[in-house]
Amino acid sequence: MVQNRSNGGVLARVGGLPLWQRALVWLGAAIVVMAVVVLAAKGLRAIPAVQDFLRTYSGHTTPPAGTPEGFPGWLRWQHYLNFFFMVLIVRSGLRVRTVQRPSAYFTPKKRGRGAAPKKISLDLWFHQSIDILWLVNGVVFAVLLFSTGQWARIVPTSWDVFPNAISAALQYASLDWPTENGWVSYNALQLLTYFLTVFIAAPLAALSGWRMSGLFPAKNKALAKAYPIEWARAVHFPVMLYFVLFVIVHVVLVLSTGALRNLNHMFWGQDAGGWAGFIVFVIGLAVAIGVMEAARPVVLRPIASLMGKVSRN
């Protein structure tokens, strides 16, 4: 990244182009790809064999008998906290990767007679602290998920989920989206995506982050050799990109497939229209953005100093 200070401003350049031009290029490319996908999907749906497939597999799933419906209070809070922590994790993770000269460093308090604590950047301290909160939230979510029966909504229980997921994907791609009733059950593509996110992507993020953190027992040579840090680095950033893509697609679909009803599901706990869920969603989004913007060294230093030493070098 090169900085251009002409005209009294600072203009970020990446790959020889200003950042805003790169963004326009990527946006244009994304629009072209989406147009090609839509046209291809519509062409496929004109084929009789594909039409027969869609009639056989509608894209829907039938949860096991006794699966609870709706979104209880604990699930709504878990959903929001997961989003809240993820926003902070992504923001702080990008700062860790891009800031070349940290404004401050953090050294944890020494405990016992072990080796001297390792100094890390304040950005990395914040990233790892939010990681821990996200993990705690995830453990609580998993316990409640399996103890209340809500697991059956996001865990495949039949092999026909796969052809139904293909059917749902084709319907989404052709912009003739499947009829949804998320209050009762998700369609097959949603189910598989949530399963992938909760039970595969999240553990990969946690394990790779643990390997790169100071919590990993680096003195255990056998464990370090069995789990090289290069593997963790190769996994951690792509998984973060997956979460970013998941959140973007998730929000777009929530807002474009019946925004008020969907937001009432997840933020108000009712299967109805109205603006209550939307208002809560806007408040929650504002809080997340506000905390993200407030997470600067001037705010983080006094908080980090409660847990260790904060210094400028």
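D176 and R45 form a salt bridge in which the closest N and O atoms are 3.4 Å apart. This pair links distant parts of the chain, since D176 sits in the loop between α5 (161-173) and α6 (188-212) while R45 belongs to helix α1 (residues 19-45), 131 residues apart. The model is a predicted one, and a search of the whole structure finds 6 salt bridges.

**Exposure of the D176 and R45 pair**
- D176 is partly exposed, with a relative accessible area of 45%.
- R45 is also partly exposed, at a relative accessible area of 23%.

**A pair between two helices**
- The side chains of R95 and D123 meet in a salt bridge, with 3.3 Å from N to O.
- Here too distant parts of the chain are linked, with R95 in helix α3 (residues 73-98) and D123 in helix α4 (residues 122-148), 28 residues apart.
- R95 counts as partly exposed at 31% relative accessibility, whereas D123 is buried because its relative accessible area of 11% falls under the 20% cut-off.

**A pair between a helix and a loop**
- D271 forms a salt bridge with R261, and the closest N and O atoms of this pair are 2.7 Å apart.
- Because D271 lies in the loop between α9 (259-268) and α10 (276-294) and R261 lies in helix α9, the pair ties together parts that are 10 residues apart in sequence.
- D271 is partly exposed at 35% relative accessibility, and R261 is partly exposed with a relative accessible area of 34%.

Notes:
Residues numbered from 1 in each chain as written. Predicted model: local features only at pLDDT ≥ 70, side-chain atom pairs only at ≥ 80, totals over all residues. Heavy atoms only, no water. Salt bridge = Lys/Arg side-chain N within 4 Å of Asp/Glu carboxyl O. Helix = DSSP H or I, 4+ residues; strand = E, 2+ residues; numbered from the N terminus. Buried < 20%, exposed > 50% of the residue type's maximum accessible area, 1.4 Å probe, protein only.
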